[in-house]
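Work through the exercises below with the structure at hand. Try each task before reading its solution.

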Amino acid sequence: MTEHPLNNPSAGPYGIVGGPDGALWFTEIHSGRIGRLRMDGELASFPLPTPDAGPSLIVAGPDRALWFTEYKANRIGRITTEGAVTEYVLPTPNAGPFGLTVGPDGALWFTESAANQLGRITLDGTVTEFPLPSPDLFPSTLTTGPDGALWFTENKANRIGRMTTRGHVTEYPLPTPNAGPVGITVGPDGALWFVEILVDRIGRMTTEGHVTEFPLPRAGARPHAIVTGADGALWFTQWGSNHIGRMTTGGAVTEYAIPTPQAEPHGITSGPDGALWFAEEAGRIGRLAPR
């Protein structure tokens with residue numbers, strides 16, 4: 001494991017993804033900027049037009065640009081690999097955009113955590129919003145499932161939701177009460193894998209809605225984000241215990257301690273080099289290379 005300190009220790013790196021240029025791109029949630037880390041270690045940081053935007057999660061779009069949510073500014077942002085930024089204001093005020101994924105239809109889909117909605121934005125900036133059927137769900141993150149639907153975590157409602165691109169919603173309750181699901185991804189087995197931050201578990205759900213939960217070895221792990229690695233395992237950040245976790249599809253767990261104390265790891269991605277890259281809100285970008 002290696003760590004790359006940022007030039008601004010208080011920038012607050014949060015979401016992270018591999019870009020079309022072979023670099024790692026990340027949000028700086030506290031400084032209101034988008035960062036870039038090249039494989040040779042060169043760092044760059046690009047300011048956003050809106051002050052105090054709160055950029056949160058970031059994905060590589062189908063147009064070779066990076067797209068990101070601006071939680072505080074109520075916008076969806078787009079940045080080219082040269083650093084040119086465009087922002088799109090959402091129709092619903094104070095919607096709290098957070099999670100983001102490329103949909104099966106080539107548009108970007110996002111959660112509006114404070115407005116109880118999912119949103120869709122086309123590459124030209126046209127926004128459509130889809131209200132969710134139950135109140136106070138706090139939709140957190142989402143991913144495109146193998147069935148061509150959007151799957152999302154309902155953090156407060158303790159459910160996993162599924163929405164078709166036409167807006168039809170199905171919800172699946174979790175077995176453990178008050179689990180607090182947050183990060184979600186498609187696993188190597190075609191199931192949906194997600195973290196349960198409040199009960200220190202990793203969940204697995206089939207596209208039919210069948211759930212299995214796997215407890216983590218230590219209390220207070222507080223898993224946050226999850227991704228499938230190049231090795232066919234699930235990798236996740238453990239914000240509470242300051243570890244990166246690895247889980248096989250059979251539920252076997254290995255943990256790797258982060259050298260910096262209280263690093264606050266949040267976003268994680270499988271990088272272009274096959275390593276796991278993660279954002280440490282304490283001001284570093286970490287890299288873990290499986291042996």
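The model is predicted: local features need pLDDT of at least 70, side-chain atom pairs count only at pLDDT 80 or more, and totals for chains, interfaces and linings use all residues. Residues are numbered from 1 along each chain as its sequence is written, and side-chain values use heavy atoms, leaving out hydrogens and water.

**Exercise 1.** Classify the ring pair Trp109 and Phe130, then the pair Trp151 and Tyr172.

Step 1. Rings of Phe, Tyr and Trp (its six-membered ring) pair if their centres lie within 6.5 Å; planes under 30 degrees apart count as stacked, over 60 as edge-to-face and the rest as tilted. The count comes to 7 aromatic pairs.

Step 2. Trp109 and Phe130 have ring centres 5.3 Å apart and planes at 20°, so they are stacked. Trp109 sits in strand E11 and Phe130 in strand E13, 21 residues apart. Strands (E, at least two residues) are DSSP runs, numbered from the N terminus.

Step 3. Buried means under 20% relative accessible area (1.4 Å probe, protein chains only). Trp109, at 0%, is buried. Phe130, at 15%, is buried too.

Step 4. For Trp151 and Tyr172, the centres are 5.8 Å apart and the planes at 15°, so this pair is stacked. Trp151 belongs to strand E15 and Tyr172 to strand E17.

**Exercise 2.** Describe how strands E18 and E19 are joined.

Step 1. Strands pair if DSSP finds at least two bridges between them. E18 and E19 have 4 and run antiparallel.

Step 2. Val186 has Leu192 as its bridge partner.

Step 3. The hairpin has 5 residues between its strands, and Gly190 takes a positive phi near 80°.

Methods:
Buried means under 20% relative accessible area, exposed over 50%, partly exposed in between (1.4 Å probe, protein chains only).
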